[in-house]
Amino acid sequence: MYALFDDAGKFHAGRVMSESDASLQVELDSGKRVKVKAANVLLRFEQPTPAELFSRARALADEIDLDLAWTFAPDADFGFAELARDYFDAKAGAVQQAAALLRLFDAPHYFRRVGKGQFRKAPEDIVKAALAAIERKKQVAAQIDAWAAEIVAGRCPQPVRDQLFKILFKPDKNAPEYKAVVEAAKRSHHAPLDLLKGAGAIESPYQFHWKRFLFDQFPKGTAFAAGLAAPPVRDALPRAAVQAFSIDDSATTEIDDALSVQGLGSGSVVLGIHIAAPALALAPGSELDKVAGQRLSTVYMPGWKLTMLPDAVVEAYTLTEGRDCPAVSLYVTIDEATLEPRGHETRLERVPIVANLRHDRLDAVITEASLAGEAAADYPFAAELGFVHRLARALKARREVVRGKPENFNRPDYSFRLERDPGCEADEPRGDERVAITPRQRGAPLDLIVSEAMILANSTWGGWLAEFGVPAIYRSQAGLAPGIKVRMGVKPLPHAGMGVPQYLWATSPLRRYVDLVNQWQIIACARHGRTAALAAPFKPRDATLFSIISAFDAAYTAYNDFQHAIERYWTIRWLAQQGVAELDAAVMKDGLVRADGLPLVLRALGSESLPRGTHVRVRITGSDALTLDVHANLVARLDDKATTAAAAAAED
């Protein structure tokens, strides 16, 4: 005697070895003996053997027409044996009964299970809906199969192309487009990115990087909403009695800062640091504030940028020459002989901007020799720039005493210029332009003047806000040891890297949201003095500041990462355009080397054991503008041990 039984939804059969009222001892074909509750036994039979029963029953079950079985089935609850007798014949044997059981069990859209071996047919509307869903599933499966075949054949279906970045970086694993790519990868034994690239889903490496960034950071697009006009500054601001000038690159449209110098030769000089003042017009909570608070910063990249504010708004507040511009001005009184700051004052005013000086036109002319009077100084504001340069060097030296070591500018910054078709300067890059990369030494005179003036303003205003008990967003660093990061917070803590007692960002309010927030707080102090804490938009322990810090930190990091990635793309393009086969470089660690004269770090096989700072020549063996990989092999070691030690020390 054999028995077929249900074990947690799985069917087994075996020889009955013994039986009691409540249970049976059953030996399976494997020889294993199991105890089975009598209530779980669904069918007893003499023949065929269990293995043959299942084999024949499964084959027969596939022949059962479910529509016909559903029609024959009674409206009340019924057993599988009853259906077998109605469907096959009144003498349906063990094979037919087992076939009916398997078919019923596998068709829950037609028959609902209501007990051990007991079923009830589903209502007609439920059956129709289930069949429609099954048909849709079959169609989707067929579509997935067809898409996968196309991808393997080197053609990318448009629906997959449209979902490219979602498939690769934020996949919905139930989506048919994703499943098609996974299936194609299995069939072709290729990684999804390589497979999609071969199928033509990626227009170009540049567009891949650009559109992936937009997918991550600007999923709703980069256009500003229509009708965002710049509100006027309604304050009756006095006109400053200064002649101010800015120092920026020619491509800079968001001119945030300018300088002025008064009293040269009098023994007491007043340095004016004038910051564009959108916060005088934009109100917290306004539509433009919401826009700036969503973007949080301007995004920079070679040949293009996404501004934090609409161009028309930037134009309204930028410090353009020939205009009297609303500004928040910090006036610092300096002892002309000792270059010691003696006091400061903050004013809200309109500042005459006499000139917009440009780095790229003047860096070669405004040299340390000309600023010191050792060479001809044939450029605007020569005397003022000479004084501010002396002051900048003194401020830097004092900060270095606090830092405990000098600031070294061993590596240059780099400027990228894309050569476009005439008349296309306003268009975003296509990715196939010729690119020129030129080094720009950090710490050059004009750079030093601007950076030290901004550090002075940001540190001074940070202390001033703290003195009045007005909260702000600060940047601090606990020390200079490797791995100690700059952190943002609301407490005026020391910034070891800068060598100042406190530091915030308030000098770029047209392109960084935290600067705009801090400018609102500074304006409150300028207007209300000691009672500013009551009038400032953000009060002590305001949770909004913490949310701004969190959002800004994430966005600013993502924007910087993208800028570095796209600069690496253009560097790889430059290597290809110039046909560069070999590079000179300095060894870093773990086989990495830094190229001379290019913003490029790459891995060079054979350099792993060389001391840090060793000067080497490497041969480019391959590059990929999509993955941004550059591969190289060591060709030769170029320097001796003494040079290596000096280079390593400079790197530190």
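How many helices and strands does the protein have? There are 20 helices and 24 strands, taken as DSSP runs (H or I of at least four residues for helices, E of at least two for strands) and numbered from the N terminus. Keep in mind that this is a predicted model, where local features need pLDDT of at least 70, side-chain atom pairs count only at pLDDT 80 or more, and totals for chains, interfaces and linings use all residues. Residues are numbered from 1 along each chain as its sequence is written, and side-chain values use heavy atoms, leaving out hydrogens and water.

Let's start with the overall shape. The C-alpha trace spans about 120 × 65 × 50 Å along its principal axes. Its radius of gyration is 38 Å, while a compact globule of 652 residues would be near 26 Å; that radius is taken over C-alpha atoms, and the globule rule is 2.2 Å times the number of residues to the power 0.38. Buried residues make up 47% of the 652 (buried means under 20% relative accessible area, with a 1.4 Å probe and protein chains only).

Now look at helix α10, residues 205-217. Among its buried residues are F208, W210 and F213. The buried residues of α10 pack against α7, α9, β12, β13 and α19.

Next come some strands, which pair if DSSP finds at least two bridges between them.

β14 and β15 form a hairpin with five residues between them, and L339 in the turn has a positive phi of about 60°.

Notes
The expected span of a helix is 1.5 Å times one less than its number of residues. Buried means under 20% relative accessible area, exposed over 50%, partly exposed in between (1.4 Å probe, protein chains only). Contact means heavy atoms within 4.5 Å.
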